[in-house]
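Student: I've got a model open and I'd like to learn how to read it. Can we go through it feature by feature?

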Number of protein chains: 2
Amino acid sequence: MVRAMGRLLRRQGYAATGLQQVAREARAPIGSMYFYFPDGKEQLAAEAVSRSGGDLGRGLAALLEASDISAAVRAIAGAMGEDLVRSRWMNGCPIATAALERAADSEPIRGAASAVFDQWETLFFQRMCADGIAPERARRIASLIVAALEGAILLARTRRSVGPLEEVADQVAEWVATETARCGPAQISSPASAPSEKKPT
Amino acid sequence: MVRAMGRLLRRQGYAATGLQQVAREARAPIGSMYFYFPDGKEQLAAEAVSRSGGDLGRGLAALLEASDISAAVRAIAGAMGEDLVRSRWMNGCPIATAALERAADSEPIRGAASAVFDQWETLFFQRMCADGIAPERARRIASLIVAALEGAILLARTRRSVGPLEEVADQVAEWVATETARCGPAQISSPASAPSEKKPT
């Protein structure tokens, strides 16, 4: 049920999704919905936001372990673009639509979305710190990466083109690579040098 | 009516907004709604997206005429943050929520949103070209600026903090300033020099 709600939130958002539709999509009796989620649709949606966000977070963590931030940003944008095309522009971010619709008046949904974005930012932040970028700066860039990717999905869905995702990811990846190349060596007191592999501390 | 619809789209999105509520908010008889907008809520929403986007576009054009891109990005983020706080986190972007909700299945709303984002990007693009940034690169950065600002509103509303708007704007502004300083002089074949005023061609 939580996964069915997550899929519907991606496609059409919160207000357009009824519990009947979630039950149909999940092939579950609607009664079981009220059994597991006594607070109803809002509770189910908050749960779906947390679950989807957690799944994406695990994917992101694996990516950041296997490659650098620039490659991770490009890989995420690539995966999102493929998913958009495959779903015929239906599948947006499972967090963003519900968050925008209900941020103002649903504390459970707002809180769940906020925790997800925090988790994603923290993953980028930690990787940048390991790359030698100063914490304050790493926090700003992590915020920018998450914001840029979320905005890029919005632009891509609106234009029905993966172009914005690719452009945004390329530009962010390039600037972050410059940053890593510049800030990494600075820590070992050699301010200007060519980009090179840096090991996490 | 169009403005009332625009205000409601910002606060709660498309699906949650009924024509009755628009009529109440606009203090107009509901019959007049069907007279002016025979295609109903979808037509009114597409119109509201265009109108709100156009208003913001005029503000952006004025900003970009009066200051450089970095200052414009910071000013927009500042204004959006003030509006968020004043509205107690109710007022999001008048385009984004409806676009995410209906991008997949409403061509009028998708088209209106797409035209608005195009217009905003074009304004940044033209200013960057005037600043001497190569067109292909200027297009990517323009895309990134719009995406980053849209994503930053999402993060700010979700966290109930203007922090993400400020952080994202600061980082984008800094990178764009570096870009302008670096690319501008390159055009007049002096590749490395201090940032300086560049006149549009």
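Tutor: One term to begin with: contact means heavy atoms within 4.5 Å. With that rule, and not counting residues up to four places away in sequence, B:Arg127 touches B:Leu64, B:Ser67, B:Asp68 and B:Ile69. A bit of housekeeping: this is a predicted model, where local features need pLDDT of at least 70, side-chain atom pairs count only at pLDDT 80 or more, and totals for chains, interfaces and linings use all residues. Residues are numbered from 1 along each chain as its sequence is written, chains are lettered from A and ligands numbered from 1 in the order in which they are written, and side-chain values use heavy atoms, with hydrogens and water left out.

Student: What is the mean pLDDT of chain A?

Tutor: pLDDT is the predictor's confidence in each residue, from 0 to 100. For chain A the mean is 88, and 91% of its residues reach 70 or more. Residues 185-201 of chain A stay under 50, and the model has 15 contacts for them beyond four places in sequence. For the complex, the predictor gives an ipTM of 0.87 and a pTM of 0.87.

Student: Back to B:Arg127. Is its side chain buried or exposed?

Tutor: Buried means under 20% relative accessible area, exposed over 50%, and partly exposed in between (1.4 Å probe, protein chains only). B:Arg127 has 18% relative accessibility, so it counts as buried. A polar contact is a pair of N or O atoms within 3.5 Å; within protein, one must be able to donate a hydrogen and the other to accept it, and residues adjacent in sequence count only if both atoms are side-chain atoms. Here the side chain of B:Arg127 reaches the backbone oxygen of B:Leu64 at 2.6 Å.

Student: Which helix holds B:Arg127?

Tutor: Helices (H or I, at least four residues) and strands (E, at least two) are DSSP runs, numbered from the N terminus. B:Arg127 sits in helix α7 of chain B. The expected span of a helix is 1.5 Å times one less than its number of residues. For the 24 residues of α7 (residues 107-130) of chain B that gives 34 Å, and the end C-alpha atoms are 34 Å apart, which agrees. B:Ser106 caps the N-terminal end, with a side-chain oxygen 3.2 Å from the backbone nitrogen of B:Ile109. Just after α7(B), B:Gly132 takes a positive phi of about 100 degrees.

Student: Which residue has a positive phi although it is not a glycine?

Tutor: Most residues other than glycine have a negative phi. B:Arg88 is one exception, with a positive phi of about 50 degrees, and B:Trp89 has one of about 70 degrees. B:Arg88 is in the loop between α5 (69-86) and α6 (96-102) of chain B, and B:Trp89 lies in that loop too. At 67% relative accessibility B:Arg88 counts as exposed, whereas B:Trp89 is buried at 14%.

Student: How is chain B related to chain A?

Tutor: Two copies of a chain are related by a rotation about an axis and a shift along it. Copies are superposed by least squares on the C-alpha atoms of residues with pLDDT of at least 70 in both. Here a rotation of 180 degrees with 0.0 Å of shift superposes chain B on chain A (RMSD 0.0 Å). That is the relation of a two-fold axis.
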